[in-house]
Structures are given as C-alpha cells and as structure tokens.
Amino acid sequence: MIVNVVGGTKVQRKHAKSMVEFCVKTLMPKMLTLDIEVKLCTVKDALGYCLELDSNREFELEIDKTQPLRRLLETVAHEMVHVKQYARRELHPSTDAWMGKTYNPKKISYWDLPWEIEAHGREIGLFIRYCETHKLSKY
C-alpha cells in the first residue's frame with residue numbers, strides 16, 4: 001500500500017495519512033495493492049472527493065484543508081469508505097451501479113444514494129475508533 005499526502009499543514013498531513021492507513025486496516029485489511037494520494041486543498045461545493053484513477057486500485061482524495069482538523073479527518077474517513085466501495089467493486093463510478101443496481105444521482109437525493117448512506121453512516125464511527133486507537137479522545 002502506498003499513501004502520499006500533499007498540501008495542507010504538517011499536522012494535517014500527518015493525521016490524514018494516519019487516518020488513511022487506519023481506514024485501510026479497518027475496512028480493507030487484505031488489500032495490499034492500494035495506491036492512495038490525498039490532496040489537502042481548497043475544494044469547491046463539497047468537503048471532499050474520491051476519484052478512482054484506474055482499475056488498478058489507484059485513488060486520489062481531494063480534501064478541503066480549510067475544515068477544522070476533526071471535520072477534515074471525518075471527511076477523510078468518509079472518502080475512504082468510497083475507496084473501499086470502488087476497490088471491492090461495490091460501486092462503479094462510470095455507471096453509478098451499486099451492488100449491481102444502477103441509480104440516477106440526478107433523480108435521487110444525494111442523501112438517499114446507498115453509497116452515501118454507507119459513507120455518512122461509517123465516517124463518525126471510523127473517526128471515533130481512530131481517536132481511541134491513537135489516544136486522542138481527550139482532544
């Protein structure tokens with residue numbers, strides 16, 4: 001697994017990389033061939049994005065660096081759920097097919113898309129477990 005984090009502050013890069021590694025270990029412990037680049041930048045119209053660059057498990061996350069650290073890490077966790085969905089072929093980005101069923105994001109609310117329900121549902125739990133594992137709960 002390769003994780004590269006660029007942009008943002010030194011503290012943001014350190015925690016973002018650590019969160020990515022934690023999420024891989026938690027969500028995809030047997031996937032050793034992931035290549036993930038995290039870009040901490042200014043993102044418009046969202047807190048973050050997950051892009052599948054090719055079918056060889058290569059991904060790029062764009063995370064809004066202007067968020068407070070807690071929200072930034074929750075966003076990384078959210079986008080890592082999408083990495084899991086793409087890597088396991090649960091979600092196909094080009095067809096918007098989820099578990100074999102095609103959805104039209106233009107006709108369904110963002111909040112009702114099944115891949116977003118899973119990502120939003122897991123982001124807080126991943127963040128809390130990350131903080132507990134790294135003894136950050138007091139912060």
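Visitor: How many residues does the largest nonpolar core have, and which of them have the most contacts inside it?

Guide: In soluble globular proteins, nonpolar side chains tend to be buried together. Here the largest nonpolar core has 38 residues, and M19, M28, I36 and M80 have the most contacts inside it. Two or more residues of this core come from each of β1 (2–7), α1 (10–27), β2 (35–41), β4 (58–64), α2 and α3. The largest share, nine residues, is that of α2. A core of this kind is a set of buried Ala, Val, Leu, Ile, Met, Phe, Trp, Tyr and Cys residues joined through side-chain atoms within 4.5 Å. Buried means under 20% relative accessible area, exposed over 50%, and partly exposed in between (1.4 Å probe, protein chains only).

Visitor: What am I looking at, and how are the residues numbered?

Guide: This is a predicted model: local features need pLDDT of at least 70 and side-chain atom pairs count only at pLDDT 80 or more, while totals for chains, interfaces and linings use all residues. Numbering starts from 1 along each chain as its sequence is written, and side-chain values use heavy atoms, with hydrogens and water left out.

Visitor: Is α2 mostly covered or mostly open, and how many of its residues are buried?

Guide: Helices (H or I, at least four residues) and strands (E, at least two) are DSSP runs, numbered from the N terminus. Helix α2 is mostly covered, with 16 of its 19 residues buried. For length, the expected span of a helix is 1.5 Å times one less than its number of residues. The 19 residues of α2 should therefore span 27 Å, and its end C-alpha atoms, 26 Å apart, agree with that.

Visitor: What follows α2?

Guide: R89 follows α2, in the loop between α2 and β5 (91–92). Its phi is near 65°, a positive value in a residue other than glycine. R89 is partly exposed because its relative accessible area is 37%. K135 also has a positive phi, of about 55°, although it is not a glycine. K135 is found in the segment after α3 and counts as exposed because its relative accessibility is 67%.

Visitor: Which residues of α1 are buried, and what do they pack against?

Guide: An α-helix has 3.6 residues a turn, so residues three or four places apart point the same way. In α1, the buried residues are Q12, H15, A16, S18, M19, V20, F22, C23, V24 and L27. They pack against β1, β2, α2 and α3. The 18 residues of α1 should span 26 Å, and its end C-alpha atoms are 26 Å apart, which agrees.

Visitor: What is F22 in contact with?

Guide: F22, in helix α1, counts as buried because its relative accessibility is 10%. Leaving aside neighbours within four places in sequence, F22 is in contact with L126, R129, Y130, T133 and H134. H134 lies in the segment after α3 and, at 35% relative accessibility, counts as partly exposed. Besides F22, H134 touches S18, again not counting residues up to four places away. H134 and S18 are 116 residues apart in sequence and 9.5 Å apart in space, C-alpha to C-alpha.

Visitor: Where is P114, and what does it touch?

Guide: P114 is in helix α3, and it counts as buried because its relative accessibility is 17%. Not counting residues up to four places away in sequence, it touches W98 and Y103. P114 and Y103 are 11 residues apart in sequence, with their C-alpha atoms 9.0 Å apart in space.

Visitor: How much space lies in the largest pocket?

Guide: About 460 Å³ of space lies in the largest pocket. Of the 23 residues that line it, Y49, E79, H82, Y110 and E116 are the closest to its centre. The elements giving two or more residues to the lining are β3 (48–54), α2 (69–87) and α3 (114–133). The largest share of the lining, six residues, comes from α2.

Visitor: How is such a pocket found, and what kinds of residue line this one?

Guide: On a 1 Å grid over the protein atoms alone, a pocket is an open set of points where a 1.4 Å probe fits, with protein on both sides within 12 Å along at least five of seven lines; lining residues have an atom within 4 Å of a point. Grid points are joined across faces, edges and corners, and the volume is the space filled by probe spheres set on them. The lining divides into 12 nonpolar, five polar and six charged residues. Here Ala, Val, Leu, Ile, Met, Phe, Trp, Tyr, Cys and Pro count as nonpolar, Asp, Glu, Lys and Arg as charged, and the others, Gly among them, as polar.

How values were computed. Contact means heavy atoms within 4.5 Å.
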